[in-house]
Amino acid sequence: MPARIRIEDRECPLSTAVSYVGEWWTILILHDCFDGYTRFDQYLENIGLSSSMLTTRLKTLVDRGILAKRAYQERPVRYEYVLTDFGRSLRPVLVALAAWRNAQLAPEERAMILVDSETGREVEPVVIEPVSGASVADPRFVFAAGPAAGPEMRERYRDRSAEPATEGVPGDGREGAETAAERLLGQGPGYASAG
């Protein structure tokens, strides 16, 4: 019996994003693309998929608009696979994903690190909200229903942006009060700790 998928999950940008890059082979192909590889034989050698499986995977990436297929040789016709603008926009996502994993490891356990190519200095990527300059890891930033949300998603997120997330800030006279963000994330008083 197929798993039931909620309507709001089909609308969720996280769910749809994972449908594009959620399989390991996609990450590996994109990693090679960002390293400058474009040709079938390069992917085949680096990733180790079978030829037929790689053909299928590359076709999927082309169909999804992440890669574009273009001829680089006439006789016989041979193609290369290059990142589209949409595909290039995935780079910060992959960098952040790799950094997230590296943060779980001791420095000596990291097989790959992000460095500044001009200085060789290791860098730590941070995703920020451009108006305030604050890290989006700050719990004040929460998901809320957007303009295209259906009724189920609107109901699920109906209270998320209705009140400011400033309750319980030290010095505001309501110490110990739960912030809106804490309620939404399940981190305020009355919630069991994950640790």
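Residues are numbered from 1 along each chain as its sequence is written. In this predicted model, local features need pLDDT of at least 70 and side-chain atom pairs count only at pLDDT 80 or more, while totals for chains, interfaces and linings use all residues; side-chain values use heavy atoms, without hydrogens and water.

**Exercise 1.** State which helices and strands the chain has and in what pattern they follow.

Solution. Step 1: there are nine helices and two strands in the chain. Helices (H or I, at least four residues) and strands (E, at least two) are DSSP runs, numbered from the N terminus. Step 2: along the sequence the pattern reads α-α-α-α-α-β-β-α-α-α-α. Step 3: of the 195 residues, 22% count as buried, that is, under 20% relative accessible area with a 1.4 Å probe, protein chains only.

**Exercise 2.** Describe how helix 3 meets helix 4.

Solution. Step 1: the axes of helix 3 (residues 24-34) and helix 4 (residues 40-47) come within 10 Å and cross at roughly 120°. Axes are lines fitted to C-alpha atoms, for helices over the stretch in contact, and angles run from 0 to 180 degrees between N-to-C directions. Step 2: helix 3 and helix 4 are therefore oblique, since angles under 35 degrees count as roughly parallel, over 145 as roughly antiparallel, 65 to 115 as roughly perpendicular and the rest as oblique. Step 3: the contact (heavy atoms within 4.5 Å) involves Trp-24, Leu-28, Ile-29, Asp-32 and Cys-33 of helix 3, and Gln-42, Tyr-43, Asn-46 and Ile-47 of helix 4.

**Exercise 3.** Describe how helix 3 packs with helix 5.

Solution. Step 1: helix 3 and helix 5 (residues 51-63) pack at about 80°, with axes 11 Å apart. Step 2: the two helices are therefore roughly perpendicular. Step 3: helix 3 contributes Trp-25, Thr-26 and Ile-29 to the contact, and helix 5 contributes Leu-54, Arg-57, Leu-58, Thr-60 and Leu-61.

Conventions:
Buried means under 20% relative accessible area, exposed over 50%, partly exposed in between (1.4 Å probe, protein chains only).
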